[in-house]
Amino acid sequence: KNCMRHLIILLFMCIAQVAIAQTNTTKRYSLFYQLEKNNKAMLQVCIRNNQETVYQKAIGFATIDTKQKANTETIYPIGSISKMFTAVVIFQLVEEKKLRLETSLSTYFPNIPESKNISIEHLLSHRSGIFNITNDSTFSSYQFKTLDGNHIAEKIASFPRVFESGTRAQYSNSNYILLGLIIEKITGKSLAEEIDNRICKKLRLQHTTLSEAITPEEGIAKSYIYENDTWKEDVFTNRSIPRGAGAMQSTASELCTFLEGLFHGKLLSDTVFQEMIKIVDGFGKGIITFPFGTRKAYGHNGSIDGFRSALAYFPEDKMCFSIV
């Protein structure tokens, strides 16, 4: 995690330099050359300016056991960046008048404690007070199992409310698991289908999906952690658990295309988009901000198993950055 933070800082520095003046590609390349040469990172990065790619790079392996090198089309699980996609679909349903931000959670999940007092807006902005299921002390006993939507909802409902809804914000994956299930209840289709039809096809994203399976043979990276000076294969959480909170996979380039599409009005009307990026207590609705000097970026980060990711857009500079 510390290595990931350092990489993000270095890459944000690179973005700032590009915003001021076009940096030398060789300098950008040398950072990744040294990281790969010294076996310090396996990643994919993309930097875009005015919706044009100014730099992208992949280093390390997609799968170490087969010596399959990563490239710019290698697909990586993106963890909580998935929440942005789920939020966009929710807002699209709001635009279609199939849902309201004020709608009570009890409409769909009356068994959730205090669900009458929890709204869709509370879920989107992490103000619901619902317990974060990934903090469950017994989470490891079922994180590798396939659970249907009703089962995972029952798991979430088994915990008491952490705080009174609307009084404060506290990050909870349960919020977006439930939002994904609500999308399925409203549309009658899977969350994967809705994200594909409503976002991926609109933006022509070829490698961005929500999936319960990881298949390295199809260009998807395996999960690794760095221990004792070597990369070791990490666990793989069954994606039926995180669902709309963290089950997606993509590439650095396509994540930038998604975020640019969001900011350029290709997915939402300006009215609901402004509601999405309204920040209260550190959270928007499916989006967060990254302060960087006098600038502010919008996006999200992600963490699942051995994977780490970050996606950010600087509106003033029309710069987008992604690392997976």
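**Reading strands and helix packing in a predicted model**

Colleague: What does it take for two strands to pair?

Modeller: DSSP must find at least two bridges between them. Helices (H or I, at least four residues) and strands (E, at least two) are DSSP runs, numbered from the N terminus. Here, two bridges join E6 to strand E9 (residues 248–250), and the two run antiparallel. Thr209 stands opposite Gln249 in E9.

Colleague: How many bridges pair strand E1 with strand E2?

Modeller: Seven bridges, in the antiparallel sense, between E1 (residues 43–49) and E2 (residues 52–59). Val45 is opposite Lys57 in E2. The hairpin has two residues between the strands, and Asn50 takes a positive phi near 55°.

Colleague: What describes two packed helices?

Modeller: The angle between their axes and the distance between the axes. Axes are lines fitted to C-alpha atoms, for helices over the stretch in contact, and angles run from 0 to 180 degrees between N-to-C directions. For helix H6 (residues 173–187) and helix H7 (residues 191–203), the axes come within 9 Å and cross at roughly 80°. That makes H6 roughly perpendicular to H7 (angles under 35 degrees count as roughly parallel, over 145 as roughly antiparallel, 65 to 115 as roughly perpendicular and the rest as oblique).

Colleague: Which residues make the contact of H6 and H7?

Modeller: Contact means heavy atoms within 4.5 Å. Gly180, Ile183, Glu184 and Thr187 of H6 make it with Leu191, Glu194 and Arg198 of H7. By class there are two nonpolar, two polar and three charged residues (Ala, Val, Leu, Ile, Met, Phe, Trp, Tyr, Cys and Pro count as nonpolar, Asp, Glu, Lys and Arg as charged, and the others, Gly among them, as polar).

Colleague: At what angle do H3 and H8 cross?

Modeller: At roughly 35°, with the axes of H3 (residues 82–95) and H8 (residues 252–263) coming within 12 Å. Met84, Phe85 and Val88 in H3 meet Leu255, Phe258, Leu259 and Leu262 in H8. These residues divide into seven nonpolar, no polar and no charged.

Notes. Residues are numbered from 1 along each chain as its sequence is written. This is a predicted model: local features need pLDDT of at least 70, side-chain atom pairs count only at pLDDT 80 or more; totals for chains, interfaces and linings use all residues. Side-chain values use heavy atoms; hydrogens and water are left out.
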